[in-house]
Amino acid sequence: EPVHALETCETYDPINDIITVKCDTNFVKLATEINDPTKISLNNGELLLNTTISTGSYTTFSINSNENISWVKITNGNGIIIGGRTEIDGVRITSWDQINNTIVNQNKDNSIPRGYIYFQSSNGGWVNNSDIGYLGYRGEKSYARRFYENGISFYDSYDIKLSNNKFHDNYFAFYSANSYNITIDNNEYYRNILYAIDPHTNSHDFRITNNHVHNNYKFGIIFSLRCYNFLIENNTVHDNNEGKTGISYGIFASRVSENNIIRNNIIYNETIGIYISQSSNNDVYTNKISNTDTGIYVKSGIEGVSKNNNIRDNEIIKSKTNIDIVNSRGNRIINNTNSIVATMIVNFKNEEKYSIYYNYNRIKSFLNNIFGTNYSEDNTFGTNYSEDNITNKVNNSIEPGANHSEDSITLESETRKNSTVIITFDDGRNSVYEIAYPILKANNQKAVNYIIINRPDRSKNYMNWSVLYKLYNEG
């Protein structure tokens with residue numbers, strides 16, 4: 001039974017400790033109607049929430065400073081579940097430890113229960129001008145339970161705008177699935193533990209613009225698993241390596257995320273500036289990327305080939321590798337300032353020679369992406385990979401007096417004369433001898449093989465020492 005009499009629009013579930021609201025309301029009204037300070041108490045603009053509130057599909061739930069609410073403190077693992085329209089403006093929302101009278105910091109396992117905000121089939125409204133932090137944790141129960149305990153998350157929700165907020169020290173600062181028409185504009189995301197901005201599964205038609213995303217655990221902006229029709233624009237993303245994991249990502253399009261636009265962003269101090277993984281038909285242009293290990297990285301995987309992405313007019317400086325394309329095809333790479341694809345190294349000022357360091361698995365990607373030639377899908381060299389063919393392709397793509405782009409690179413004739421392609425293989429598998437070696441020999445090509453030293457004569461899948469010495473003696 002309910003612990004007290006409630007108005008007809010509220011019901012209480014004592015087993016799960018949830019108050020369900022079926023009419024338009026706000027926290028001031030709820031505190032008055034429920035009249036139970038052990039559940040909701042309001043004092044000098046600070047509201048202590050010691051239960052979970054769940055609003056219905058056809059309700060509007062508001063929390064804003066005009067209602068004399070300045071700070072909502074959520075205790076234990078309680079939360080706010082919004083099923084209808086939401087209007088949050090000008091408030092602070094955090095977890096709260098009643099015993100120590102402070103916010104709740106998380107441990108390294110992310111297992112300390114903290115409050116959460118969950119938009120469940122929510123539609124319409126906004127979260128504006130607010131400070132939302134110290135929410136979410138990994139959770140210990142079913143996946144569905146963990147999903148909404150993660151922090152600030154959206155499921156099957158739409159037509160919502162988040163603007164001019166600070167999201168910090170959350171487990172997930174933004175996570176969504178099956179959601180659409182969501183705008184994330186002019187917010188600051190920092191010190192979030194797992195994800196800062198992470199639209200996920202089947203989310204689409206998002207606008208992520210003008211945000212400052214920095215000093216998060218590992219990811220700045222990532223969208224993953226069939227996300228499409230996104231505009232990622234005018235964001236400043238940097239230093240997302242607080243987890244000290246050895247790798248950080250600025251903007252990450254992942255796992256069959258297609259037809260998205262990533263433009264005019266400023267990205268710096270990341271391991272990878274922009275990462276296109278297993279995703280196609282994305283337009284990446286006029287971004288400014290600096291101080292990265294890899295400026296733009298395009299890679300295929302088991303869930304999809306990264307193909308037909310347009311990577312153009314980006315400015316990449318002070319990066320170890322400007323643009324790296326791995327096992328992908330049909331991507332157009334043009335007019336990127338001071339940028340050469342993969343580990344091609346060009347120093348225009350000193351006119352160093354044009355060098356392409358590429359291994360066996362990347363030769364196909366290199367030719368397809370840079371020269372637009374359609375080669376077969378297998379990983380063996382055909383006649384198109386002859387030394388003359390590759391040399392002609394490289395030389396014909398370099399014209400004096402042209403712009404510094406992958407299609408036309410300004411280099412002196414002597415520099416072109418010294419152009420080099422180095423073909424390398426890893427590990428020393430039998431396929432190098434059985435497949436690649438006859439083709440290399442027929443084309444009068446040389447190659448380098450890096451051997452795992454404890455494999456010869458010990459594994460049937462690797463060349464033995466006798467074969468290796470034969471190859472070595474033939475150059």
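1. Tyrosine 472 lies in helix α7, residues 465–473. Helices here are DSSP runs of H or I of at least four residues, strands are runs of E of at least two, and both are numbered from the N terminus. Tyrosine 472 is exposed, at a relative accessible area of 66%; the term exposed denotes over 50%, buried under 20% and partly exposed the range in between (1.4 Å probe, protein chains only). Together with Ile453, Trp465 and Tyr469, Tyr472 makes a nonpolar surface patch of about 530 Å². Patches consist of residues with over 30% relative accessible area and no salt bridge, with like charges joined within 9 Å and nonpolar side chains (Val, Leu, Ile, Met, Phe, Trp, Tyr) within 5 Å. A salt bridge places a side-chain nitrogen of Lys or Arg within 4 Å of a carboxyl oxygen of Asp or Glu.

2. The model is predicted: local features require pLDDT of at least 70, side-chain atom pairs count only at pLDDT 80 or more, and totals for chains, interfaces and linings use all residues. Numbering runs from 1 along each chain as its sequence is written, and side-chain values use heavy atoms, with hydrogens and water left out.

3. Overall, the protein has seven helices and 38 strands. Of its 475 residues, 53% are buried. The accessible surface comes to about 21200 Å², and 44% of this belongs to carbon and sulfur atoms; such areas come from the Shrake-Rupley method with a 1.4 Å probe, and for residues only the protein chains shown count as cover. Among contacts (heavy atoms within 4.5 Å) with a separation of 6 or more, 58% join residues 24 or more positions apart.

4. Serine 153 stands opposite tyrosine 175 of β18.

5. Strand β24 (residues 219–224) is largely enclosed by the rest of the structure, because six of its six residues are buried. Five bridges pair β24 with β27 (residues 249–254) in the parallel sense. The bridge partner of isoleucine 222 in β27 is phenylalanine 252.

6. In helix α1, Phe27, Leu30, Ala31, Glu33 and Ile34 are the buried residues. At the start of α1, a side-chain oxygen of asparagine 26 comes to within 3.1 Å of the backbone nitrogen of valine 28. Isoleucine 34 has 2% relative accessibility and therefore counts as buried. The C-alpha atoms of isoleucine 34 and glutamate 10 are 8.4 Å apart, although the two residues are separated by 24 residues in sequence. After α1 comes asparagine 35, with a positive phi near 55°.

7. Lysine 39 occupies the loop between α1 (27–34) and β4 (40–43). Its relative accessibility is 13%, so lysine 39 counts as buried. The side chains of lysine 39 and aspartate 17 make a polar contact at 3.1 Å. Such a contact is a pair of N or O atoms within 3.5 Å; within protein, one must be able to donate a hydrogen and the other to accept it, and residues adjacent in sequence count only if both atoms are side-chain atoms. Beyond neighbours within four places in sequence, lysine 39 is in contact with Tyr12, Asp17, Leu48, Leu49, Asn50 and Thr51.

Conventions
Pairing = 2+ DSSP bridges.
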